[in-house]
Amino acid sequence: MAQMLNKAKDFVAEKIAHVKKPEADLKDVDLKHVSRDSANFVSKLAIHNPYDHSLPICEVSYTLKSANRVIASGTMPDPGSLNAKQETMLELPMKVPYDVLVSLARDVGSDWDIDYELHVGLTIDLPVVGNFTLPLTKKGELRLPTLSSLF
C-alpha cells in the first residue's frame, strides 16, 4: 500500500512540475509624482498568461531597497486578473517619504541618481496547483529630478 501511495505522489509531483506557469517581467522604476511630503514611484509588470482563461491575481507584494536599506514596502491586494492568452500590464505604485530620500543623499553624489533594487512577489491563483508566487527582482538607477526640472 505504501509503495502505491509513493507512486501516486511521484505521478502528481511530476505532472505539477510540468504545468505551464505565467511569466512576468519587471520594468524600470520611474518617478511619477512629487508632493511636499513624499515622492511617488511606479514600476510596471508585464505578465503573460499561457492559459485559455483568465487567472485571478491574489496580491502583489514589493520591497524597494537602496544602499541596503528598505525605502518602501507594501502589498497591493486583489489587483485584478490576467487576461487569457495575453500579456497584462500592471502598474505598481510606491510612495517614499522625503525623509527617507534625504537620508539616501550619500548615494546620490554628483550624478543625481539612486541605485535601487526592487523585489516583487506576484501571487496568482493557478488551477489545480493553488496560489503560486512568482518572485521578481530588478536592479537599476533611479534618476532624481533636479530643482531646475521641477520649476
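Guide: Let us begin with accessibility: buried means under 20% relative accessible area, exposed means over 50%, and partly exposed lies in between (1.4 Å probe, protein chains only). This is a predicted model, in which local features need pLDDT of at least 70, side-chain atom pairs count only at pLDDT 80 or more, and totals for chains, interfaces and linings use all residues. Residues are numbered from 1 along each chain as its sequence is written, and side-chain values use heavy atoms, with hydrogens and water left out.

Visitor: What makes the contact of Lys27 with Asp25 a salt bridge?

Guide: A salt bridge requires a side-chain nitrogen of Lys or Arg within 4 Å of a carboxyl oxygen of Asp or Glu. The closest N and O atoms of Lys27 and Asp25 are 3.0 Å apart, so the pair qualifies. Lys27 is itself partly exposed, at 34%. By this rule the count comes to four salt bridges.

Visitor: Why does the pair Glu91 and Lys32 tie together parts that are apart in sequence?

Guide: Their side chains meet in a salt bridge with an N to O distance of 3.6 Å. Glu91 lies in strand 5 (residues 87–97) and Lys32 in strand 1 (residues 23–34), so the bridge ties together parts that are 59 residues apart in sequence. Strands here are DSSP runs (E, at least two residues), numbered from the N terminus.

Visitor: What is the distance between the closest N and O atoms of Asp52 and Lys85?

Guide: Those atoms are 3.8 Å apart, so Asp52 and Lys85 form a salt bridge under the stated rule. The pair links distant parts of the chain, 33 residues apart: Asp52 is in the loop between strand 2 (38–48) and strand 3, and Lys85 is in the loop between strand 4 and strand 5. Asp52 is exposed at 65%, while Lys85 is partly exposed at 47%. Elsewhere, salt bridges that share partners join Lys32, Lys44 and Glu91 into one network.

Visitor: What is the order of the open sheet of three strands?

Guide: The order is 1-2-5, again with antiparallel pairing. Strand 1 and strand 5 stand at the edges, each with a single partner strand, so one side of each lacks a neighbour in the sheet. Nine bridges join strand 1 to strand 2, and the bridge partner of His33 in strand 2 is Asn40.

Visitor: Which residues does Pro93 touch?

Guide: Contact means heavy atoms within 4.5 Å. Leaving aside residues up to four places away in sequence, Pro93 touches Phe41, Val42, Tyr62 and Met76. Pro93 is found in strand 5 and is partly exposed, at 48%.

Conventions. Helices (H or I, at least four residues) and strands (E, at least two) are DSSP runs, numbered from the N terminus. Two strands pair if DSSP finds at least two bridges between them.
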